[in-house]
Amino acid sequence: MAAAVTSSITTRGSRGPAAPRGVRSWWGLLGLPGGVALLFFFILPLGEILVRSLTDPSPENYLRAVTSEVVRSSFVTTFVVSILTVAFCILLGYPYAYVMARSRSAVAGILGFCVLVPFWLSILVRTYAWTVWLQNTGIINSFLLDVGLVNEPVQLMRNALGTVIGMTHVLLPFMVFSMYASMKRIDLGLERASRALGAGPIRTFLRVYLPLSLPGVYSGSLIVFVTSLGFYLTPAILGDAAKPLVGQLIVEQVNQALNFGMGSAIGILLLLVTLLLLALGMRFAKFEDIVGLRGDQ
Amino acid sequence: MRTPRWITTAAFVIAGFMVLPTLVVIPLSFTTRTVLSWPPSGFDLRWYEEILTDRAWQSALVTSLQTGVLTAVCATVLGTGIALSLSRGRYIGRRFFTIAVLAPMIVPTVILAIGAFFVFSSWGFRGSVVALAAAHTVIALPLVIVSVLNSLSQFDRTLELAGYSLGAHPVRVFFTVTLPNLLPGVLAGAMFAFIISWDEVVISLFLSSPRVRTLPVLIFSQISSGVEPSVAAAASLLMAVTLILLIGTRIPAMLGRKRKRLHAHS
């Protein structure tokens, strides 16, 4: 889907037969209303955050944010949770995408359907469903207690574990899409060549297939990591309120502490980190692969 | 090279992990108990009755529907315009414009939410369906644009040329040739926009007022304070609408295919 963006943007009208002269110059204007809406409802709000972070009450917001133990540990927690989420998404996503890319249409169709359903289902509903599984009186703990494996409920949520489980479930489809797109491009003849030259299946996988599939792993990881950084909903429901992720911290500052300047400064820092990572990641992954993502929550 | 069976099995187990955990809310929504606990017992429609008759749930449902429809309309009209502008216009800053319209996918929603909260508050614009739809439109735009661009890339422009050469006015060509051919992409974009608005939480949380709040916002506040099974019913409802719309998005695509087949035959 993302690849189509760039391809259809680059193959613009110039190539086809020309429309009447007057018509050709009017197309650009059709973007104007959307551009104006974007200006008022996207660019102005972002600008307002920047202004507030510098003037409410002063640029010292940033100094306080950077030196604050709470903010720093929140960024650390966010990074740890995001890295774990990426790791689990790779672990689960790779075999899934692998089978999906290489199977006959029926199997690929079922797997494709199973990854699209969670992609479109409400993140709120999915996260809420996880509380039914993970809470102390939840499905997993009831089972463990009934079987007698444990004597008291295991703490599965309201901590980093719950957050990582929930975020992995929410973000796995992004990883699968990205990996699938790159695996689908691999020429299977290369595998046959490798086998014909005497390499075993494991060696063929490690030396031929795996390297060719890495671009999808990179762009998938980048999407998942960057999206995790700004998560609010899943950690708010499944996570530890005492160790908030950056997204939660921003909401806390603005909603409860009414500390607008500080919240804005942390927001801008989060945005900068996100953009920086995207810029760095772009060296390994393609922009069009990243753009296929649907934002958090 | 054949895929080893154990990897295929693993993939199906992972498929189960993706789909099954969410489904537990459905049996829970029919429980006869008044406290949310597993396993559910009995079969009772009272929680659905409650959310459909209770004032708070009712008004949230109406707000969600209004916001979703308004978002779908705005995002579809604006997004189709932007897609046409990007693929056919030639002007300075088109590349920059491309990045700007896709940026809402990359900017964390929390940041957009507080930005909209600040700006909309100062305009006295917060806590209305229009405000919610305006912010939802921004995050829905990229998907509509991608969807329409997809249709545009498959569109044969000689059809338009035929229209011009037959003497039709460009506006008429647009509405009788261009738009009908793009319709599958446009309709799919509209459905995506509705679903995004229907499910959105963080922005709605900041732009809601006690009187105007969406279904997900109400569910979220209920989850935060002790849980009744009515939440499971509302969650199931949310899920059902999304699934129905998703199946709906397949229909324009199928119609498009059918039309193409008809063209091929004629």
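Contact here means heavy atoms within 4.5 Å, and the legends below describe close-up views of a predicted model.

**View 1. Helices α11 and α14 of chain A pack against each other.** In this predicted model, the axes of helix α11 (residues 201-229) of chain A and helix α14 (residues 260-281) of chain A come within 10 Å and cross at roughly 175 degrees. Because angles over 145 degrees count as roughly antiparallel, α11(A) is roughly antiparallel to α14(A). On the α11(A) side the contact is made by A:L222, A:F225, A:V226 and A:L229, which meet A:L270, A:V273, A:T274, A:L277, A:L278 and A:G281 of α14(A). Sorted by class, the residues in this contact of α11(A) with α14(A) are eight nonpolar and two polar, with no charged residues.

View 2. The size of an interface is often given as the accessible area lost when the parts come together. For chain A and chain B the buried area is about 8500 Å², and carbon and sulfur atoms give 81% of that area. A:W27, A:W120 and A:Y128 together supply 10% of the area that chain A buries against chain B, more than any other three residues. The contact draws 88 residues from chain A and 91 residues from chain B. Across the interface of chain A and chain B there are zero salt bridges, whereas six residue pairs are in polar contact, with both residues at pLDDT 80 or more. Helix α3 (residues 32-55) of chain A contributes 14 residues, the largest share of the side of chain A that touches chain B. By class, the residues on that side of chain A divide into 59 nonpolar, 19 polar and ten charged.

View 3. A:F41, which lies in helix α3 of chain A, touches B:F120, B:W123, B:F125, B:A134 and B:V138, not counting residues up to four places away in sequence.

**View 4. Two loops of chain A hold backbone features of note.** Most residues other than glycine have a negative phi, and most peptide bonds are trans. The peptide bond from A:D56 to A:P57, however, is cis, with omega near 5 degrees, and A:P57 lies in the loop between α3 and α4 (60-67) of chain A. A:R158, a residue other than glycine, has a positive phi near 60 degrees, and A:R158 is found in the loop between α8 (139-147) and α9 (160-184) of chain A.

Terms used. Residues are numbered from 1 along each chain as its sequence is written. Chains are lettered from A and ligands numbered from 1 in the order in which they are written. This is a predicted model: local features need pLDDT of at least 70, side-chain atom pairs count only at pLDDT 80 or more; totals for chains, interfaces and linings use all residues. Side-chain values use heavy atoms; hydrogens and water are left out. Axes are lines fitted to C-alpha atoms, for helices over the stretch in contact, and angles run from 0 to 180 degrees between N-to-C directions. Helices (H or I, at least four residues) and strands (E, at least two) are DSSP runs, numbered from the N terminus. Angles under 35 degrees count as roughly parallel, over 145 as roughly antiparallel, 65 to 115 as roughly perpendicular and the rest as oblique. Ala, Val, Leu, Ile, Met, Phe, Trp, Tyr, Cys and Pro count as nonpolar, Asp, Glu, Lys and Arg as charged, and the others, Gly among them, as polar. Buried area is the accessible area (1.4 Å probe) that two parts lose on being put together, summed over both. A salt bridge is a side-chain nitrogen of Lys or Arg within 4 Å of a carboxyl oxygen of Asp or Glu. A polar contact is a pair of N or O atoms within 3.5 Å; within protein, one must be able to donate a hydrogen and the other to accept it, and residues adjacent in sequence count only if both atoms are side-chain atoms.
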